[in-house]
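Me: I would like to learn how to read helices and cores from a set of coordinates. Can we work through one case?

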Amino acid sequence: MESFGKGTQENNKSGITMKKAFLILILTTLTSVFFAQEQQEKSETERLMLQWEQKYGDVKHLELPDSFLQSFDLNDIIYFGKPSVWSKIEYTDKIEFMQKGKPFKLIKEAMGTNVFYQYKTTFRVIDHEGQVVQLLDVESDEPAMYIYDCDFDGYQDLLLPYEDDDGNRSYTVYYWSNVQKKFKADSRRINSPQFDPKHKKIVEKETYAKGSFRTYIYTIYEFRFGIKRFAGSYKLNFVLNNNQEPEDFSFVFWESEEAKRTKLGEYMYEAPSIGAFTTFSEDEKKTVRKEYNKMIKMLALF
């Protein structure tokens, strides 16, 4: 009887140990899955930045706009063109939207194409009293638009899409003026915009990829008293190895649109390559990290 009881205790202990091991396995698996999903959700720019920082060691993290800003929902696109025979897209001649709780309409008046095969469309803008307040002419690569408050004034604006040969998306923004009761096009298109409603900023992101080279340009605009102003712009350059990991990194910062346009008065920082960095003494590495952190602190202001 004694040996039977002892065997039962050992079996119980064995069962508990197996349960613990099973729970640890589940937790480890869940953690791995969560980490993999988290990594997958990061943009390529964030991934490369993190990989570079890990290779440099004890340096500050550059939190890119991708990680804390978001754009409008791309699924909210509104198509207004005429469908083809095999089209699966729903089209409409009337677009309804709200301006601070009041109903407005865009009624399609005419549509055609220009010599670049872009869509040229004229809308009647109808206010909440049923009055035509504007005949609005727009152009786009698709017979479609997004409706979004781009300047954070509480009124909806229009974004008309364009796409280049590399698949990069840009938009002409038609801002609503409540004083003039009409939409007015911005003078230049904006690339892949991200929005910061809290600080009333738009961050434009440009992406260029060729072979092992990756370039990302972030340009920050802020709205003051309804006027869009250039706040700063910086460019991140990466050179990738065969494993698609960064081996070289450089940074350029512009304080004005003129400096960005003319490439003058720019602040440039080129980090030592990973291959060179690994051969440095600890004092040399410390100096590099110090300079790197100064650069990150500068970018963090924007």
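Me: Leaving aside its neighbours within four places in sequence, which residues is Tyr-292 in contact with?

Reply: This is a predicted model. In it, Tyr-292 touches Met-49, Trp-52, Glu-53, Tyr-56, Val-59, Lys-60, Phe-249 and Tyr-269.

Me: What is the largest nonpolar core, and which residues have the most contacts inside it?

Reply: In soluble globular proteins, nonpolar side chains tend to be buried together. Here the largest such core has 29 residues. Those with the most contacts inside it are Tyr-56, Tyr-234, Leu-236, Phe-238, Phe-249, Phe-251 and Tyr-292. At least two residues of this core come from each of α2, β13 (213-224), β14 (227-240), β15 (246-254), α5 (274-277) and α6 (282-300). A second, separate core has 16 residues, including Phe-80, Phe-104, Leu-136 and Leu-158.

Me: Which residues of α2 are buried?

Reply: An α-helix has 3.6 residues a turn, so residues three or four places apart point the same way. In α2, the buried residues are Thr-45, Glu-46, Leu-48, Met-49, Gln-51, Trp-52, Glu-53 and Tyr-56.

Me: What span should helix α2 have, and how far apart are its end C-alpha atoms?

Reply: Helix α2 covers residues 44-56, so its 13 residues should span 18 Å at 1.5 Å a residue. The end C-alpha atoms of α2 are 19 Å apart, which agrees. After α2 comes Gly-57, with a positive phi near 90 degrees.

Me: How many helices and strands does the protein chain have, and what share of its residues is buried?

Reply: The chain has 6 helices and 16 strands. Of its 302 residues, 39% are buried.

Conventions:
Residues are numbered from 1 along each chain as its sequence is written. This is a predicted model: local features need pLDDT of at least 70, side-chain atom pairs count only at pLDDT 80 or more; totals for chains, interfaces and linings use all residues. Side-chain values use heavy atoms; hydrogens and water are left out. Helices (H or I, at least four residues) and strands (E, at least two) are DSSP runs, numbered from the N terminus. Buried means under 20% relative accessible area, exposed over 50%, partly exposed in between (1.4 Å probe, protein chains only). The expected span of a helix is 1.5 Å times one less than its number of residues. A nonpolar core is a set of buried Ala, Val, Leu, Ile, Met, Phe, Trp, Tyr and Cys residues joined through side-chain atoms within 4.5 Å. Contact means heavy atoms within 4.5 Å.
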